[in-house]
Amino acid sequence: MTKLEQIRAAESRLLLSTYDRNPILFAGGEGVYLIDESGTKYLDLLSGIGVNALGYGSPVIEAAIAAQSRKLIHVSNLYYHEGQAELALRLTARTGLDRCFFSNTGTEAWEGALKLARAYAGVQRAAGKSIGTKFLALEHSFHGRTFGSMSTTYKAKYREPFGPVVPGVEFVRVNDVADLRAKFSTEVCAILVEAIQGEGGVRPLSREFLAEARRLTSSTGALLVVDEIQAGLGRTGKWCAYQHYGVLPDMTTLAKPLAGGIPLGAVLCTEQVASAIHPGMHGTTFGGGPLACAVAIAVIDYIENAKLLAHVTETGDYFQAQLRSLATRHSAMVDVRGKGLMVAAELNSAELAKRTVAEMLQRHILINCTSDTVLRFLPPFILEKAHVDTAIQALDEIFTAHAAAKTAGDHAHV
Ligand SMILES: *Cc1c(COP(=O)(O)O)cnc(C)c1O
């Protein structure tokens, strides 16, 4: 048995079968490439689902981990360390919000945001204002796997086996302003959105829809909460995807790329919303630890110093342009969309999408398929145009072969 076969056999006995893993054993990485145990390089256009923003083997991250691990890895939130305020200063400056709470993961950041929204509504109710406890979330949303997050996540298969879910959530059709207006009332304490839905198929909100969500929430004292866990921290070419809309939410969440691969999440909110939280109401053992904070500071400073936001915009525009040009030659590609290096190509068939991911893997290129028919690209921010060309050529060959096989098949049926 190969090492991979041994590991597969052991995992199938020992682990919960939560994942349908691809049969590759990764052992290292370098830049935009992952390297398997036999030394084969894979062009990674997914970066650990949007986590490894600086790619693999980043000297910046290595140095931050080495230096901080010599000083202090964990200290409880009962005491101070130098990282949280330093990082919060950077995040508040870049998000336009005032205060920060650190968690470990995306879903925990989102739980924090939901709790804070309810607490803030409670404070307003106590002050005599008419405001309820209901959340409006969006169809095709994804906010995580813990109870609150899952309850605000649209897909039934993520929620129904675990029911009853947290009550008080209603789903609104994406970009349907009339549906949003119809479901909004003083019962609502927050509208919850991703400015660009990630798991839901890289679907951007329309300007009109996000502006209306802002207007409605402001009119009653409800909160606009934008989940930037996937789209945030530079992936779309701005620090937050909502900045493309000229809208400032009351609260946002960050996680995936925040500490370059070390788990870290953050909730950011306005001074006003923050006033609802007092010592003891919320907290975490590990969140905002010194190691994760030191790495996040290094990641943010590198994105800034290396002018990566401009690079993400330029490379992302090139990527989309190349995909659009491919779509003119392949009718199976029905849409190309995204912002920066959050890019999608929608195909006309789920079966083809699944096959394309598998055939890209055979060509040592990693992508994934979300929302059945959508090929999703979330590469590291350090991606170059030459890497885009490699991916485009592979897609071209796969679609050409598929079209030829289909034509041959159609003739065979005549
Ligand atoms: C991944 C993701 C989450 C959940 O993050 P985890 O770290 O997996 O808990 C929440 N919201 C969005 C938009 C995501 O993409």
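This is a predicted model: local features need pLDDT of at least 70, side-chain atom pairs count only at pLDDT 80 or more; totals for chains, interfaces and linings use all residues.
A nitrogen atom of the ligand lies 2.7 Å from an N or O atom in the side chain of Asp227. An oxygen atom of the ligand is 2.6 Å from a polar side-chain atom of Lys256, and a backbone N or O atom of Thr107 is found 2.8 Å from an oxygen atom of the ligand. Of the 380 Å² of accessible area that the ligand has on its own, the protein covers 82%.

Helix H5 spans residues 106–126. Its 21 residues reach 30 Å from the first C-alpha to the last, close to the 30 Å expected at 1.5 Å a residue. Just after H5, Gly128 adopts a positive phi of about 95°.

Helix H11 (residues 290–305) contains 16 residues and extends 22 Å between its first and last C-alpha atoms, close to the 22 Å expected at 1.5 Å a residue. Twelve of the 16 residues are buried, so H11 is largely enclosed by the rest of the structure. The buried residues are Pro290, Leu291, Ala292, Cys293, Ala294, Val295, Ala296, Ile297, Ala298, Val299, Ile300 and Ile303. These buried residues of H11 pack against helix H3 (59–71), helix H4 (83–95) and helix H12 (308–329).

Gly163 and Pro164 are joined by a cis peptide bond, with omega about 0°; Pro164 is located in the loop between helix H7 (156–159) and strand S6 (169–172). Asn175, although not a glycine, has a positive phi of about 65° and lies in the loop between S6 and helix H8 (177–183). Its relative accessibility is 32%, so Asn175 counts as partly exposed. Asp372 is likewise not a glycine and has a positive phi of about 70°. This residue sits in the loop between strand S16 (368–370) and strand S17 (374–377). With a relative accessible area of 59%, Asp372 is exposed, the threshold for that class being over 50%.

Technical notes
Residues are numbered from 1 along each chain as its sequence is written. Side-chain values use heavy atoms; hydrogens and water are left out. Helices (H or I, at least four residues) and strands (E, at least two) are DSSP runs, numbered from the N terminus. The expected span of a helix is 1.5 Å times one less than its number of residues. Buried means under 20% relative accessible area, exposed over 50%, partly exposed in between (1.4 Å probe, protein chains only). Contact means heavy atoms within 4.5 Å. A polar contact is a pair of N or O atoms within 3.5 Å; within protein, one must be able to donate a hydrogen and the other to accept it, and residues adjacent in sequence count only if both atoms are side-chain atoms. Accessible areas come from the Shrake-Rupley method with a 1.4 Å probe; for residues, only the protein chains shown count as cover.
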